[in-house]
Amino acid sequence: MIDYNPKDWFTFIFRIHKADTVRKLMPMIVAICLYSALVAWLETAVWKLSDDSRVKNISLLHSLLGFVISLLLAFRSNSAYDRWWEGRKLWGALVNNSRNLALRMNALLPEGDRDSREFFRTMIPNYAFALKNHLRDQAKAEEFVAGGGVEFNHLDTARHVPNQIAAHLMRRAYSLQKQGVLTGEQLLSINPELQSFTDICGACERIRNTPIPFSYSVFLKKFIFFYVMTLPFGLAFSLGWFVIPAMAFIFYVLASMELIAEEIENPFGIDANDLPTERISGNIRRHVEEIL
Amino acid sequence: MIDYNPKDWFTFIFRIHKADTVRKLMPMIVAICLYSALVAWLETAVWKLSDDSRVKNISLLHSLLGFVISLLLAFRSNSAYDRWWEGRKLWGALVNNSRNLALRMNALLPEGDRDSREFFRTMIPNYAFALKNHLRDQAKAEEFVAGGGVEFNHLDTARHVPNQIAAHLMRRAYSLQKQGVLTGEQLLSINPELQSFTDICGACERIRNTPIPFSYSVFLKKFIFFYVMTLPFGLAFSLGWFVIPAMAFIFYVLASMELIAEEIENPFGIDANDLPTERISGNIRRHVEEIL
Amino acid sequence: MIDYNPKDWFTFIFRIHKADTVRKLMPMIVAICLYSALVAWLETAVWKLSDDSRVKNISLLHSLLGFVISLLLAFRSNSAYDRWWEGRKLWGALVNNSRNLALRMNALLPEGDRDSREFFRTMIPNYAFALKNHLRDQAKAEEFVAGGGVEFNHLDTARHVPNQIAAHLMRRAYSLQKQGVLTGEQLLSINPELQSFTDICGACERIRNTPIPFSYSVFLKKFIFFYVMTLPFGLAFSLGWFVIPAMAFIFYVLASMELIAEEIENPFGIDANDLPTERISGNIRRHVEEIL
Amino acid sequence: MIDYNPKDWFTFIFRIHKADTVRKLMPMIVAICLYSALVAWLETAVWKLSDDSRVKNISLLHSLLGFVISLLLAFRSNSAYDRWWEGRKLWGALVNNSRNLALRMNALLPEGDRDSREFFRTMIPNYAFALKNHLRDQAKAEEFVAGGGVEFNHLDTARHVPNQIAAHLMRRAYSLQKQGVLTGEQLLSINPELQSFTDICGACERIRNTPIPFSYSVFLKKFIFFYVMTLPFGLAFSLGWFVIPAMAFIFYVLASMELIAEEIENPFGIDANDLPTERISGNIRRHVEEIL
Amino acid sequence: MIDYNPKDWFTFIFRIHKADTVRKLMPMIVAICLYSALVAWLETAVWKLSDDSRVKNISLLHSLLGFVISLLLAFRSNSAYDRWWEGRKLWGALVNNSRNLALRMNALLPEGDRDSREFFRTMIPNYAFALKNHLRDQAKAEEFVAGGGVEFNHLDTARHVPNQIAAHLMRRAYSLQKQGVLTGEQLLSINPELQSFTDICGACERIRNTPIPFSYSVFLKKFIFFYVMTLPFGLAFSLGWFVIPAMAFIFYVLASMELIAEEIENPFGIDANDLPTERISGNIRRHVEEIL
């Protein structure tokens, strides 16, 4: 994720950032300009349409449908943003959860139980790193910190890594109770935190694995394509050569909305708009080590 | 569900996929084209309307109502998508729930209690398969795995199958406590998972059994129908023969939105847009077997 | 509730169902047609307005406000639908809750405790029937099934019936614990179910007793009325006699949206769009009897 | 709150109710009419604008911005309604909570413990009355019912009254456990209810104390004002004297939406649209007395 | 936060408050006026465009896109408001939580345990102050009140201050249980409150650290800029010199919506629209001291 100051208008307007949709759409925008120029040339120089040609009324169609396309794109932006924000909430919940479990274990474990303290101090942040890498389909063994009796040759990267760490945490918590270090009620008091790790992991997987329904995706792309392709016929009639910058602007707006939605819909990658899961995982490690 | 790459515009625009609404609407689109041609022929060749005929103002009506129809279709898409996404969340919760219960039983059950371990290893995934089939109104006894003392001749497919499996799980958990394998607090710590199975099942049934209110469905279809049927009268006047592709495009857009909403509103079937409940059930079995 | 196949367009468009808004609005539509005809006649035959009369610009007003009225009706539809769907969720929760309590009591109660089993087998479904009738302001004593030591001459129909059944359930659960049949932890594990009955009842009462704020209701009706009454003046000028079907169509659309919203806002009655609380209650009885 | 039948259109349209926005806006509407008449007179009689004056194009501005103002008012209505509905949910939750606590105490307390029963029978409804008055910044000592060992000279109306009653409830519950009347698990089973009183109180205070952000309120009022003030210049040109009723209608619609939003945003007062907290408190007393 | 009476229209319209967007936008509005004047001068005096110049049709573009920009700004307002309101809810939850914990500790702690009572009386409000300052990236040691055995030289302002206070609270609660002052069940009954502090802190940090996705911010600013820059070309043709106030008004509306969204998106600062976290923290201290 890029850190930025949302109030700095000037840079936003004139600098073309690496992640800016202008840059990504540039080849398409050029193509649209050429296409519009061709249509304008055909209409004015080749077909020499008269002023009362019915071609000018084609715009009627586009204003009827302009409404539908705007609402569809708003719906698309909304649902993509909701996923992005849900992803952010989940990682926020992971932070809270890790802190709460660390705070509780700090209060519950005897001062002298160095081994258990080290276990939780290393394993809680390991979960965050495991989840981050799992969501990016990568395995970075070097990010794990061993400790508290768990060696990382125990982890099997072919299987679900976060689940294995969750299993370690769960087993340790229940075995502390069986050994009498924790009472039954104390075990119950850390129950929500233990459960929450896997819930967060599952919810992130859900967001990552489920783009919006196939039919919407197809329909929206076809709709934008035909809308933009037929638009210059009506506009060139009214605007003449001005149709070229006009089409560039319209295409930039419509395609940007779809493009941004596609990007933020899966917020766990390494794009400019993705969530800073790397930094959050680091923060979790730092805070947990401060506490325990 | 179809796996697809949402960024691959080219294929989306030019390939007509089996689940594409273009394919499903094709006969209707052809009919609309013929109808529009008829109207255009009547207006230009038969009735020979003069340029200041009031017929051209019929479009006024359609732009006044264009707004309402767009908002209605947006509302329809939204509510259908919300159901689809709620369905996805429920199956995500089923995954989390199954994993959490497996992780807990793994930590709680004595290493040597092979029978109980086998019971949960088989019954937790069986619940997912039972729910998947129950939501599709089918019974596939071959997908169940027997184990841990439950034979599937015990299951009565005429009765509610997921409930029977939930009853097995519930009974086993309470009987483990009565035998002293689990303490009271340990039982309480698995309580949310035990309860959640039936909650998920009920919520899925709710989505499957409740389409949007009857009156909306009737009203929206009547509205689209009359809107599309009266539209060519105004448009043919302004567009001449261009009315034919224009009507095809407008009809494609409006009808697609209703069609997609109808499809995704019940996400538990086997359509292209439906949720991959089959694959999710398989994943649950795989993960639970890894854990227990 | 009417069961219907949402994909059956043909019937929806051409059949006029008993619950169709077309039927309910028919007298009003006829009145609007007569009124529009009167306006058209006045404008063309009596006042003989010239082509550049300012009357034609009245439509400006209606297109400025067309937007506001559409958004208001969309807001109205949305909030009414949200209540309907919340009502559906509550009854879904009642199903889940009843099933979960039955599953738990089945696992917890000793096989031989026939009296307690019969108590829960009869009282859990009785709650659903009591709630259904309570929400319809009716008392149907014949729908209750006595059993497990509760006679229905104990129920006082002048007082809040669902509360009395909830009191029976609550009392029995706590007395089972006092007798030592349930342990403290087992009692806690059925706590969410015991609490949920009353929560669901209260939420249903809230939906039934609270229509949208009075001022919105008044404002929206006044707005629709004046909008529709002034519309023909502008339209008749542009459309001539075509104003009659146009006004019928516009009125049908606007009034239907308000009418449907009014109907589904309170989903617990016996209208065509209301929730099938009767059937759901029956299902609860069937499923609980299967389980216990 | 006014009880009304939402299906009674006739009365709504022709009766001008005390709470109707028409009545409240009447002076402003008259002023707008005079202002529009002045503008129309200036344009037609004084300035004698020709037909191709650029003044007629001022309407362009208003149709460009008509969209934004409509969406803003829709956003305003939505957020105000959400608060109103959240307030209603909170009072619904208070009803449920009071009932549940009463049902539980009825089952838990020994039949003979008259003092404790009286305590809960009086204090649970007292909380509702205290909250109602607290939200209206009033203190009505006469609405409290003393009982169960609490005298109301103990209440200090200068301090937070609902908190004091919650403190009584909390203290009594824990002291019943300390005395051995309730077991630890029974205490836990009433824990959600005890906590919920204060949560509801805090959420109501939040709604009452936080209107929408200051900047929105200023911006929206300025926007409506300038929009309405400039509108007649364009409209008078096209509509002549018809501009007077047109402006009255447009102003009525826009201002009503803002006015209703202002009214329902804080739903705990005694306006026509406010929630019937008086009646709800009474119902809580009646139901709790039926139960305990 | 500014306290204001939302019904006082007059002041809102004519007074230009310090936080009013009019004031902040004034330099830009002046610039836009000059730019529009330049365009109008060019079109009328320099280029002397004829009446059928295609330049007048440029407005077509702006009405096509006016829709998209309005919906985008509505989406932006909505999501910014949602964050603001979520922030308000979180601080409301902190109030409830602090009150509930104080009420419970008051009921649970022996009357004579002055030290523990003082501990909670000081530390619960300290958490609110710590969180307020943490969210503003400041450390105000003077706002803390020492007591109950915690000196503030123990707090390390370089580390996460709210976490340190939460650690104190957690440790004290568990140590009270270990000492036998609280039973296991009593500990469980305060468990939700203990957990909630850190959850609220994490959620506030999430809101503060995550503005809307970078791409939306860039796109929206670019879109507004080009929209406003190209608009005078079409408008100056139709409106002549009237284009100057028209552009000022349009720019004021569009830019205000973006500006307000930017301001309320992070509600924890000290701007006019920010939440009154200072006052809320003070209220928490006052209420907790009343209770304990």
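Let's begin with E:Arg88 and what touches it: leaving aside neighbours within four places in sequence, E:Arg88 is in contact with D:Arg206, D:Thr210, E:Leu275 and E:Ile280. Please keep in mind that this is a predicted model. E:Arg88 sits in helix H3 of chain E, which covers residues 58–108. Is this arginine buried or exposed? Its relative accessibility is 7%, so E:Arg88 counts as buried, since the cut-off for buried is under 20%. There is also a pairing in space to point out: E:Arg88 and E:Cys204 are 116 residues apart in sequence, and their C-alpha atoms are 9.7 Å apart.

Now, on to chain A. Chain A is divided into two domains: domain 1 takes in 20–46, 53–84 and 213–265, while domain 2 takes in 89–210 and 277–291. How far apart do the C-alpha centres of these two domains lie? The answer is 48 Å.

Side chains of opposite charge can pair when their charged atoms come close. Over all chains, the count comes to 85 salt bridges. One of them joins A:Lys24 and A:Glu263, with the closest N and O atoms 2.4 Å apart. This pair links distant parts of the chain, because A:Lys24 is in helix H2 (residues 21–46) of chain A and A:Glu263 is in helix H9 (residues 243–265) of chain A, 239 residues apart. As for accessibility, A:Lys24 counts as partly exposed at 42%, whereas A:Glu263 counts as buried at 5%. Still in chain A, there is a network of salt bridges that links A:Arg76, A:Lys221, A:Glu258, A:Glu262 and A:Glu265.

Next, let's cross between chains. The side chains of A:Glu205 and B:Arg99 meet in a salt bridge, at 2.7 Å from N to O. A:Glu205 lies in helix H7 (residues 191–209) of chain A and B:Arg99 lies in helix H3 of chain B, so this pair joins two chains. A:Glu205 is buried, with a relative accessible area of 10%, and B:Arg99 is buried too, with 2%.

If you now look at chains C and D, you will find D:Arg99 in a salt bridge with C:Glu205, the closest N and O atoms being 2.7 Å apart. That pair runs from helix H3 (residues 58–108) of chain D to helix H7 (residues 191–209) of chain C. D:Arg99 is buried, at a relative accessible area of 2%, and C:Glu205 is buried at 10%.

That leaves the interface of chain B and chain C. Chain B brings 65 residues to the contact and chain C brings 69. About 6200 Å² is buried between chain B and chain C, and carbon and sulfur atoms give 68% of that area. How many salt bridges are there between chain B and chain C? The count is 2. One salt bridge is formed by C:Arg99 and B:Glu205, whose closest N and O atoms are 2.7 Å apart. On the side of chain B that touches chain C, the elements giving two or more residues include helix H3 (58–108), helix H7 (191–209) and helix H8 (214–239) of chain B. H8(B) gives the most to that side, with 14 residues. By type, the residues on that side of chain B divide into 33 nonpolar, 15 polar and 17 charged.

Thanks, everyone; happy to hear your thoughts.

Terms used:
Residues numbered from 1 in each chain as written. Chains lettered and ligands numbered in written order. Predicted model: local features only at pLDDT ≥ 70, side-chain atom pairs only at ≥ 80, totals over all residues. Heavy atoms only, no water. Contact = heavy atoms within 4.5 Å. Buried area = accessible area lost by both parts, 1.4 Å probe. Salt bridge = Lys/Arg side-chain N within 4 Å of Asp/Glu carboxyl O. Helix = DSSP H or I, 4+ residues; strand = E, 2+ residues; numbered from the N terminus. Nonpolar A, V, L, I, M, F, W, Y, C, P; charged D, E, K, R; others polar. Buried < 20%, exposed > 50% of the residue type's maximum accessible area, 1.4 Å probe, protein only. Domains from an automatic or database assignment.
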